[in-house]
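Here's a quick tour for anyone meeting this protein model for the first time. Have a look at the structure, then read on.

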Amino acid sequence: MSASRIDVAGVSVSPDHYIDGRRVASDDTFACVSPIDQRHLGDISSGAQAHVDAAVTSASLAFPAWAALGAEGRLPFLRRFAEAIGRRADAFATLESHDAGVLRSRMAHGVVPRAMQNIAWFAEHALSLQDRTIDTPQARHWVRHDPAGVVAVITPWNSPLLLATWKIGPALAAGNTVVLKAPEWAPLTSSLLADCAQEAGLPPGVFNLLQGAGALTGAALVSDARLARISFTGSVATAKWIAKTAAENLVPCSLELGGKSAFIVLADADLDAAAATAALMYRNAGQVCLAGTRLLVHADIAPAFIEKLRQIVERLVVGDPRDATTEVGPIIHMRQLERVQGFVERAVAGGARVLWGGARHPYGEQYFAPTLLTDLHQQDEIVQQEVFGPVLTLQTFASDDEVVDMANGTDYGLGGVCYGEEAHAMAIAQRVRTGFIWINSFGIRDLAAPFGGIKRSGIGREGGDWSFEFFCDVKDVVVPRQPFKASFSHR
């Protein structure tokens, strides 16, 4: 048991796990360091096998009663959960800005309201899934969505609060109990989320939080045979390990992985609009899986497009994410910054040309300048592999067939963007192999719509009914129209 708290810019947050409705400390800890200025924020409890066992046991014991409440019974709890997040909006914005380097303005105006919606909307939507029927001449089928059991949720560091609630919302609404494994590079908003769950009165064991390294705490969690589902967002390499481990226990997995999405600019595009949207790909220092990082621009309009984009990028403010004027913040961790820098240096050594950026930004130690590279080939590493930093590549094309081949020419298939005359852009979109694609826009998301990728970008879909299809066991209860007569006769 622990009652310790740490203070981050006036926000009090626990450094400990949350198991069975109480805080639990670990003997082992890891340092939480701000990417803004490398300031030590606190020492965070690191989960061992015993903590994983306790969390899964607690979730298992809490499951029958939580499931038995039904969607209507769970609704008041989850409404209070969403409201508790809203009451702490300023604290969440402060913590995630310090902890993950996310723009504070984006947290306040976009992420926190969406996190509340992630909890409340799925709680409401669960009501519509009860007792659906399929009528046939022979029988009536009552299709039920029954809760599956204990769900492990593993989230990444680039948007901890948003992605945690995106998974926790439907999992809890469906009647499951949850063990959340927080990202070790940005654990603080997950801890504050546990405070919200407690304030909302969620019964002990319904929501549990573990902290620690993926290779230790995360590995112990996904290896637990008592899990009913594993929902993961992160890297391809980690997903492969999770899938292999889960297969030993036949545990279904939802895997939302990386992206190398194309941003297509057709010859008939509105270049001002396309350039303004392309600049958004530097948002969150490029640490966004669904960003269109490969600019594929028609050769006839490429010079004009580049100049328009240049003018916008030159005005981007790189700096402290706590400042309302900042538009590009820091890279999450020195290891990630070195990875980004390595991609750029290898590309340049291989013949790529830097149109702007290409190096660390002078603002601070963990900042990388918004970068655009060109003179690239389709098989170049930086065209094929996810960089996850403020680095875009630009290639030109001469025909629709060529750009479709280029867009489809990686192992990823998460998202995409296509700017052009609407009918033309729609025709291209239908040929691009990806989980979703935005026409003359970017980032429009609706909780009722499916989200997910193909190929190495993942398995499964999240959002709306698709989330419940994963988090539930779908049962068909069959009632015959006429009295049933059992017989072995085939006459």
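## Before we start

A word on naming: helices and strands here are DSSP runs, numbered from the N terminus, and a strand needs at least two residues. Also keep in mind that this is a predicted model.

## The annotated spot: E256

Let's begin with a residue that comes with a label. The UniProt entry, which is unreviewed, lists E256 under "active site". You'll find E256 in strand 13, which covers residues 253-256.

Is E256 buried or exposed? Its relative accessibility is 4%, so E256 counts as buried, because anything under 20% falls in that class. Setting aside neighbours within four places in sequence, E256 touches F232, T233, G234, C289, L414, F451, S457 and E462.

## R229 in strand 12

Next up is R229, part of strand 12 (residues 227-233). With 9% relative accessibility, R229 counts as buried too.

What does R229 touch, leaving out neighbours within four places in sequence? Its contacts are A148, V150, V151, A152, V251, P252, F470, F471, C472 and D473.

## Two residues with a positive phi

Most residues other than glycine have a negative phi. Here are two that go the other way. D20 isn't a glycine, yet its phi is positive, at about 55 degrees. D20 sits in the loop that links strand 3 (17-19) and strand 4 (22-24). At 38% relative accessibility, D20 counts as partly exposed.

A285, likewise not a glycine, has a positive phi near 55 degrees. Its place is the loop between helix 9 (271-279) and strand 15 (294-298). A285 has a relative accessibility of 1%, so A285 counts as buried.

## Helix 9 meets helix 10

A pair of packed helices is described by the angle between their axes and the distance between those axes. For helix 9 and helix 10 (residues 302-313), the angle is about 50 degrees and the axes are 9 Å apart. That makes helix 9 oblique to helix 10, and the crossing of the two is right-handed.

Which residues make the contact? From helix 9 come L271, D272, A274, A275, A276, A278 and A279, and they meet A304, F305, K308, L309 and I312 of helix 10. Sorted by type, the residues of this contact are 10 nonpolar, two charged and no polar.

Technical notes. Residues are numbered from 1 along each chain as its sequence is written. This is a predicted model: local features need pLDDT of at least 70, side-chain atom pairs count only at pLDDT 80 or more; totals for chains, interfaces and linings use all residues. Side-chain values use heavy atoms; hydrogens and water are left out. UniProt positions are given in the numbering used here, feature names are shortened, and annotations may be inferred rather than shown by experiment. Helices (H or I, at least four residues) and strands (E, at least two) are DSSP runs, numbered from the N terminus. Buried means under 20% relative accessible area, exposed over 50%, partly exposed in between (1.4 Å probe, protein chains only). Contact means heavy atoms within 4.5 Å. Axes are lines fitted to C-alpha atoms, for helices over the stretch in contact, and angles run from 0 to 180 degrees between N-to-C directions. Angles under 35 degrees count as roughly parallel, over 145 as roughly antiparallel, 65 to 115 as roughly perpendicular and the rest as oblique. A crossing is left-handed if the near helix is turned anticlockwise from the far one by less than a right angle, and right-handed if clockwise. Ala, Val, Leu, Ile, Met, Phe, Trp, Tyr, Cys and Pro count as nonpolar, Asp, Glu, Lys and Arg as charged, and the others, Gly among them, as polar.
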